[in-house]
Amino acid sequence: QPGAGVPPPPPRQQQSGKGPMTRLRALTCLGLSGNPDDAELRKAYKQAALRWHPDRRQNHDRAEEAKEKFQEVRAAFEFLQNL
């Protein structure tokens, strides 16, 4: 048999938080659309950062997911701030 004794490849994971940041992805991550001004951008960032902060009690059972989401929120904010 071909491939006998060779373990199967690991299952593919979804790439929800992977890949290059785009304007649309950054807006979606922060729950925004259109062309938000600086105040809207800061407010959306603050809300998302508070929601996904890994130290929040509500995120303790899913710390790894919270960490990834928090980092994605921060990257989205920085990306949009620099446009």
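Visitor: Leaving aside its neighbours within four places in sequence, what is leucine 80 in contact with?
Guide: Leucine 80 is in contact with Arg23, Ala26, Leu27, Leu30 and Leu41. Contact means heavy atoms within 4.5 Å. This is a predicted model, where local features need pLDDT of at least 70, side-chain atom pairs count only at pLDDT 80 or more, and totals for chains, interfaces and linings use all residues. Residues are numbered from 1 along each chain as its sequence is written, and side-chain values use heavy atoms, with hydrogens and water left out.

Visitor: Which residues touch the most other members of the largest nonpolar core?
Guide: Leu30, Leu32, Leu41, Trp52, Val73 and Leu80, out of 15 residues. A nonpolar core is a set of buried Ala, Val, Leu, Ile, Met, Phe, Trp, Tyr and Cys residues joined through side-chain atoms within 4.5 Å.

Visitor: Which element gives the largest share of this core?
Guide: H3, with 6 residues. Helices are DSSP runs (H or I, at least four residues), numbered from the N terminus.

Visitor: How do H2 and H3 pack?
Guide: Their angle is about 170°, and their axes are 9 Å apart. Axes are lines fitted to C-alpha atoms, for helices over the stretch in contact, and angles run from 0 to 180 degrees between N-to-C directions.

Visitor: New topic. Where is arginine 51 found?
Guide: In helix H2.

Visitor: Is arginine 51 buried, exposed or partly exposed?
Guide: Partly exposed, with a relative accessible area of 48%. Buried means under 20%, exposed over 50%, and partly exposed in between (1.4 Å probe, protein chains only).

Note on methods. Helices (H or I, at least four residues) and strands (E, at least two) are DSSP runs, numbered from the N terminus.
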